[in-house]
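Please look over the structure below. This short report then walks through a few of its parts.

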Amino acid sequence: MPPTHDDCLLIAQSLYKEYDRHPVVMDLSLAIRPGEVYGLLGPNGSGKSTTIRMLTGILDPTAGSVYVCGHDMKRDPEKAKASLGYVPDEPVLYEKLTALEFLDFVGELYSLPKATRHERMRETLRLLDLEDRAGDRIESYSRGMKQKVAISAALLHNPRVLIMDEPITGLDPITVRVFKGMLRKMARSGAAILLSTHILEVAERLCDRIGIIVSGVLVAEGTMPELSDKAPDMSVGGTTLEDIFVGLAAGEEHRDIIASLETEEKGTTGQAGNGGLKPTGQERNVGT
Amino acid sequence: MKAALRMLWISLKVRIRLTSVGSWLLIALVAIMGPAISFGLGRMVSMASMVPEDLLPFLTGFLNVVLFMQISTCFSSAFNHLYLSRDLPLLLVSPSRPRSVILAKMLEVAGSGVVTYLAAGVPMLVALGKAWYAPAWYYILAALAGLPFAMLPAVLAVLATLAVCRMLPAYRTKEITAALGTLVGGLTYFFLRFAGSTRMWGQARDPAAVSLLFGKLGPSWSPSTLMARAVVEGLYERWLPLLASGVLLAGAALSVFSLVAARTEKAYLSGWAAFREGRRGRKAYAEFGYPAPEAAPEHTGDPAPAYARPVGGTAVPAVATEQPARRSPLSIELKALSVESKLLLRDLQSQSQIVYFVIMIVAWNLFPRGNSEPSESGLFALTPFFLLALSGLNSWSLKNMSQTVRILRQFPCDPARVMRGKAFFYGIIQTACVALLVGVLKALGRFSPRGLPVLFVLWTGLSFATAATAVAAAAYKPDLTTATGIPRLDLGAGVAAFVINFLLCFVSFFLYVGATTLSSPAAVWILTGTALAVNTVAFIIASNKAGRMARGASQAESPGTGGVK
């Protein structure tokens with residue numbers, strides 16, 4: 001049954017994008033329901049970021065359309081964006097402002113009432129452990145702290161649809177844990193979440209459905225068991241998301257390389273007899 | 001030294017490959033205009049001088065100006081060369097001594113000073129040589145003798161950058177050194193200009209601007225005086241002083257240069273480390289004193305606005321989406337204005353733009369009034385118009401444009417409103433600068449035009465219109481390929497904005513002249529109103545256009561970081 005605006009918050013229909021007559025995303029369709037966390041995976045250069053930029057209205061698709069909460073991103077971008085939160089791959093911030101000033105500006109762009117704006121700012125900054133540095137200029141922040149500001153800006157208006165491109169890059173493990181909890185809470189309350197990541201463990205644990213994009217084409221989509229069924233018979237067998245991803249996204253040549261390396265590793269392990277490639281304490285001490 | 005020169009060559013190649021066609025065109029334009037102006041000035045001065053000695057004060061002053069330009073250039077580029085070069089991580093991990101790296105970078109800094117000398121200084125020396133039929137060796141010796149001039153500013157700039165980088169947060173170094181460059185350059189100029197007391201150019205001969213600005217000979221120990229004397233001797237076909245002065249300056253410069261390169265290795269590396277780790281001062285949240293949240297308004301009725309609900313949907317569970325506030329008509333414009341003011345107040349480099357206005361005020365006041373010059377000169381009334389036409393293309397609007405465009409496309413608001421806020425802000429500053437300029441001139445009794453209120457209304461309108469045009473030019477094809485973006489004005493957009501600004505100035509000035517020559521008050525205000533209307537329409541069109549361009553810039557966006565090419 002095709003997705004409808006009644007049961008999906010984010011719908012992309014036949015997205016197509018080309019640069020200099022070279023297609024980068026081809027006929028990509030996806031739909032995300034309320035309460036669903038969708039993971040978009042793919043190798044470098046597969047078109048993930050381009051897809052996300054089209055979904056968020058930053059990039060116009062060459063063909064196809066995007067609907068956020070039923071609003072066409074092309075015809076009605078302001079209404080579509082009002083329900084959308086976006087965490088870009090590279091945080092884009094005014095570096096001379098403090099985090100508080102930047103979030104205040106973003107809150108104004110979302111038309112949040114002043115009181116609500118301040119309350120939400122405090123809440124997101126507290127959750128992301130940025131409160132005691134919120135009065136410092138963004139230019140003095142580390143990459144991870146800038147990422148936290150970008151996440152705060154995306155969550156400020158409590159969006160119904162949240163789209164994130166590599167959101168946990170640069171975040172410390174504690175913040176990643178908190179962030180994952182926040183996403184789950186948002187999903188429970190009915191938000192639709194799409195995230196792209198290269199950390200497959202995060203995708204496996206967090207996402208209800210996963211889409212794998214290769215060379216601009218969505219080659220597989222579904223839950224973990226569904227993807228496992230779709231994965232081709234391959235030399236690198238297994239049941240983890242990593243195995244499935246390699247099976248679906250890697251070319252035959254890469255699969256052969258991986259298989260031969262792993263065979264070699266097993267042989268070395270067998271010879272060493274220590275259960276792995278890592279040297280034993282005794283071996284490590286040799287020559288020191 | 002060999003390693004340093006090899007590194008210098010690599011850096012040069014990288015720089016050449018990264019320079020865009022537009023930048024090359026701009027470089028070509030400056031490369032033609034700069035020498036042409038300098039050569040022309042040299043010819044004019046030669047014609048006004050009877051003997052080469054007459055040139056001495058002028059030449060000293062001119063070399064001081066070149067020195068000022070070199071100091072300013074070296075200071076503003078030193079941080080880029082020392083710490084922001086794209087080849088630096090590669091050079092620092094290569095198997096060569098850090099001393100070679102710093103030497104290479106110092107030579108790069110000196111290179112920017114050399115370019116200034118070649119563009120401004122050499123054409124002047126050539127012009128003087130042509131006027132006095134100097135022999136061929138004069139040109140070679142005179143050109144070479146001035147090269148060490150670039151090394152002293154480079155040393156000063158490197159030392160200042162290393163010191164600032166150690167003492168202050170690294171991220172502020174660039175803007176502080178750039179501002180420091182203007183200050184040090186200005187102080188050096190005025191010190192060398194006023195330290196000497198001998199008035200060489202007699203007032204009786206020509207009480208013109210040149211006399212007042214360059215009429216004194218600097219102190220005898222000053223490098224510019226030394227060089228000027230040597231050049232004059234060269235014009236008399238005495239080559240020894242020219243050679244000696246060149247050797248003396250080169251010796252002094254090279255000694256200081258080598259000493260600094262040898263002694264600053266540690267400071268340079270620790271500065272590099274500080275810069276990489278982004279050392280900065282802490283400020284607690286409590287100290288910031290952010291206002292406490294006001295009581296939240298009571299929500300009544302539907303918690304989610306109509307547009308936040310799915311079309312015809314009932315199956316979607318309610319999510320706490322905030323109720324948009326009723327926006328005041330100018331809320332976004334005012335917020336954008338407030339953001340811009342903070343961005344400008346915290347960026348010394350942008351603030352230094354205002355210094356140009358101040359320099360203009362000082363220069364204007366220094367300009368002597370001729371016997372026949374009336375205080376109501378049309379020139380005085382016209383100049384602020386042209387100042388506005390030029391200042392409209394300031395870098396303030398460029399500075400944050402790429403971030404603004406990216407942010408605007410991410411959030412739900414009309415980009416034209418934010419662009420209008422930006423234009424309002426720059427318009428206010430430009431109006432204030434013109435008011436200051438006129439105020440100072442009027443207080444000094446230098447300026448009393450007819451219809452000053454009319455003129456000021458026109459200037460204000462023009463300030464806002466030219467600011468909006470500058471914003472629109474900056475919004476055309478902003479660099480969206482990186483998160484930080486590089487402030488860059490598209491050449492075509494820059495030229496278009498320049499032409500539009502001059503047209504607006506021409507129209508406004510034409511209507512002012514008409515208004516002040518008519519005796520009927522009604523006619524005066526009709527013409528003034530027309531000029532104001534023209535500028536208002538230009539403001540609205542330009543800011544709307546800027547908004548449309550910001551939205552349409554998505555077409556220019558590059559693929560993702562790993563995008564398929």
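This is a predicted model: local features need pLDDT of at least 70, side-chain atom pairs count only at pLDDT 80 or more; totals for chains, interfaces and linings use all residues.

Residues are numbered from 1 along each chain as its sequence is written, chains are lettered from A and ligands numbered from 1 in the order written, and side-chain values use heavy atoms, leaving out hydrogens and water.

**The sheet in chain A**

Helices (H or I, at least four residues) and strands (E, at least two) are DSSP runs, numbered from the N terminus. Two strands pair if DSSP finds at least two bridges between them. Chain A has an open sheet of 4 strands in the order β2-β1-β4-β5, with antiparallel pairing. Its edge strands are β2 (22-32) and β5 (71-72) of chain A, and each pairs on one side only. Strand β4 (residues 63-68) of chain A joins β5(A) through 2 bridges, in the antiparallel sense. A:Tyr67 has A:Asp72 in β5(A) as its bridge partner.

**Helices in chain B**

Helix α11 of chain B covers residues 239-263. The expected span of a helix is 1.5 Å times one less than its number of residues. For the 25 residues of α11(B) that gives 36 Å, and the end C-alpha atoms are 36 Å apart, which agrees. Buried means under 20% relative accessible area, exposed over 50%, and partly exposed in between (1.4 Å probe, protein chains only). Several residues of α11(B) are buried, among them B:Leu242, B:Leu249 and B:Phe257.

Helix α21 (residues 491-517) of chain B gives the most to a nonpolar patch, with 5 residues. The patch is about 510 Å² and is made by B:Leu25, B:Leu491, B:Val495, B:Phe498, B:Val499 and B:Leu503. Patch residues have over 30% relative accessible area and no salt bridge; nonpolar side chains (Val, Leu, Ile, Met, Phe, Trp, Tyr) are joined within 5 Å, like charges within 9 Å.

| Residue | Relative accessible area | Class |
|---|---|---|
| B:Val499 | 43% | partly exposed |
| A:Arg143 | 30% | partly exposed |
| B:Thr161 | 0% | buried |

Contact means heavy atoms within 4.5 Å. A:Arg143 lies in helix α5 (residues 143-155) of chain A. Beyond its neighbours within four places in sequence, A:Arg143 contacts A:Asp89, A:Glu90, A:Pro91 and A:Thr169. B:Thr161 sits in helix α7 (residues 151-167) of chain B. Not counting residues up to four places away in sequence, B:Thr161 touches residues including B:Ala78, B:Phe79 and B:Thr177.

Definitions and conventions: Accessible areas come from the Shrake-Rupley method with a 1.4 Å probe; for residues, only the protein chains shown count as cover. A salt bridge is a side-chain nitrogen of Lys or Arg within 4 Å of a carboxyl oxygen of Asp or Glu.
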